[in-house]
Amino acid sequence: MDKVEYMIKSLQKAFYHSSDLTVRQIDWHEGDTAILCFYASLVDAKEVQKILDTIYARLDTEKPFWSETLLTTLDNFALPQAIERVCQGETLVILPDTGKMLTLAITNEVRRNLEEPNNEHILRGSHEGLVERADTNLTLIRKRVNNPALVVKSFTIGQQTNTKAYYLYMDGVIQPETLQEMEKRIADIKIDYFYSIGQLSDALEDSVLSPFPQLLNTEHPDRVVAHLVEGKVVVMTNISPSALIGPVTFFSFYQTPDDYNSRVVVGSFYKIVRLLSFVTAVFLPAFYIAVISFHFEVLPLELSNQVKNDVNDIPYRPLIEALILEIIMELIRESSIRLPQSVGQTIGIVGGLVIGDAIVSAGLVSNLMVIVVALTAISSYVVPSVELNSTIRMIRFPFMLLASLFGFLGIVVGVVILLIHLISLTSLKQPYFSPIVPFQPKAVYKIFLRWPFIRPTVQVTSFQPPKDEKGKNEDTP
């Protein structure tokens with residue numbers, strides 16, 4: 001067996017005889033032979049042939065062709081290095097006689113259009129979205145920050161998959177301890193196979209078992225830039241359009257680019273409405289259950305009589321009534337997401353109307369409970385973050401249980417437990433409930449108000465009457 005044949009068989013064995021691997025012998029300069037190796041699924045074979053034709057045309061020149069504009073490198077052949085380069089989508093030309101290896105960067109990766117993310121719609125501002133290519137995402141961010149202080153560091157995650165990932169920050173803006181903590185957690189990641197952004201999120205969060213997300217997930221490049229200039233760290237991978245941002249606070253999940261693209265008063269109003277929706281989404285069903293079960297006296301007399309007539313025919317406790325409707329809402333939501341978009345919207349609307357009307361007509365739930373659950377669902381969908389939206393829908397169930405057992409006292413106990421958890425939670429070791437705890441008076445107003453980027457200045461000038469041709473004022477006698 002000659003040297004070329006031995007190297008071809010060694011390469012085929014190293015790549016487990018994969019059917020999309022191309023390993024073949026080609027003619028080289030002055031009767032020499034070479035070995036061509038690449039993954040057909042990652043490389044365009046026609047482009048490879050064009051580059052080889054260009055190389056053949058320049059082999060007779062005195063100047064080495066690899067020092068020109070072909071984006072090639074010439075290295076000593078080593079099997080581990082060859083495997084790594086081929087897996088990255090590069091093409092190898094191996095010269096057995098000299099023991100050299102020529103690398104051609106000819107990739108043929110699938111690209112997706114820069115469309116607006118489906119789960120982060122905005123009214124004003126950029127409608128570009130991140131995609132599953134880190135170089136494209138970095139381009140979208142770099143064109144918004146024309147400053148060398150934007151630092152991009154790369155790392156590899158997954159000992160077997162070798163997935164490329166990046167973390168970004170603004171030098172001089174980010175706190176050194178925040179950057180050190182992020183780099184420490186990245187260095188501690190030990191994963192064999194990386195295939196989901198959720199794996200990276202679990203590795204970087206402070207408390208994985210907490211229902212509240214401690215990293216902000218976004219696909220909007222302008223939202224990424226806004227957090228970078230505030231001193232946050234952004235982590236992205238080459239296989240997901242999602243960017244993870246930290247450290248964040250609870251109130252970061254209620255902010256949206258529309259707040260700062262609209263008028264000051266309008267943006268402030270909707271920020272307040274969005275925060276109030278958290279109270280409605282979490283506590284409204286529990287409040288209804290507590291009132292019906294224990295505290296009927298808090299209702300006005302006319303409303304109390306109406307509610308009594310409405311709930312007297314229900315054959316079970318308000319908790320069971322609320323659970324039935326809440327579970328039906330969750331089932332409709334999940335089915336509308338999993339089904340095709342055209343069918344999902346129909347299921348969501350028709351299913352809600354038909355089931356809601358039928359379940360009330362059958363006497364299984366009251367009309368007032370339908371209204372409460374509908375308001376709760378609408379309030380939970382106001383949250384701009386999908387992760388926090390899921391959290392809100394989940395934590396309302398413990399409050400419903402506490403309200404059915406202890407009434408208002410149970411709700412108060414649940415609120416205390418919730419506040420203790422939020423106060424003790426951290427994001428990259430930064431307080432999660434800041435600026436409420438620890439209290440920062442100068443930053444609290446940013447939670448509720450959209451402050452002007454530039455404070456307006458008003459110049460007050462006194463009125464001067466027009467003068468006549470002699471220089472006197474017209475109203476001067």
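1. Buried here means under 20% relative accessible area, exposed over 50%, and partly exposed in between (1.4 Å probe, protein chains only). The model is predicted: local features need pLDDT of at least 70, side-chain atom pairs count only at pLDDT 80 or more, and totals for chains, interfaces and linings use all residues. Residues are numbered from 1 along each chain as its sequence is written, and side-chain values use heavy atoms, with hydrogens and water left out.

2. Helix α7 (residues 221–228) is largely enclosed by the rest of the structure, because 7 of its 8 residues are buried. Among them are Pro221, Val224 and His227. Helices are DSSP runs (H or I, at least four residues) and strands likewise (E, at least two), numbered from the N terminus.

3. His220, in the loop between β8 (216–218) and α7, is buried at 1% relative accessibility. Leaving aside residues up to four places away in sequence, His220 touches Glu116, Pro117, Glu120, Ile122, Ser126 and Glu128; contact means heavy atoms within 4.5 Å.

4. Glu120 also forms a salt bridge with Arg223, with the closest N and O atoms 3.0 Å apart. The two are 103 residues apart, Glu120 being in the loop between β5 (100–104) and α4 (134–142) and Arg223 in α7. Both Glu120 and Arg223 are buried. A salt bridge is a side-chain nitrogen of Lys or Arg within 4 Å of a carboxyl oxygen of Asp or Glu.

5. Asp206 and Arg185 form another salt bridge, at 2.6 Å between the closest N and O atoms. Asp206 is partly exposed at 26%, whereas Arg185 is buried at 11%. Glu181, Arg185, Asp206 and Lys429 are linked in a salt-bridge network.
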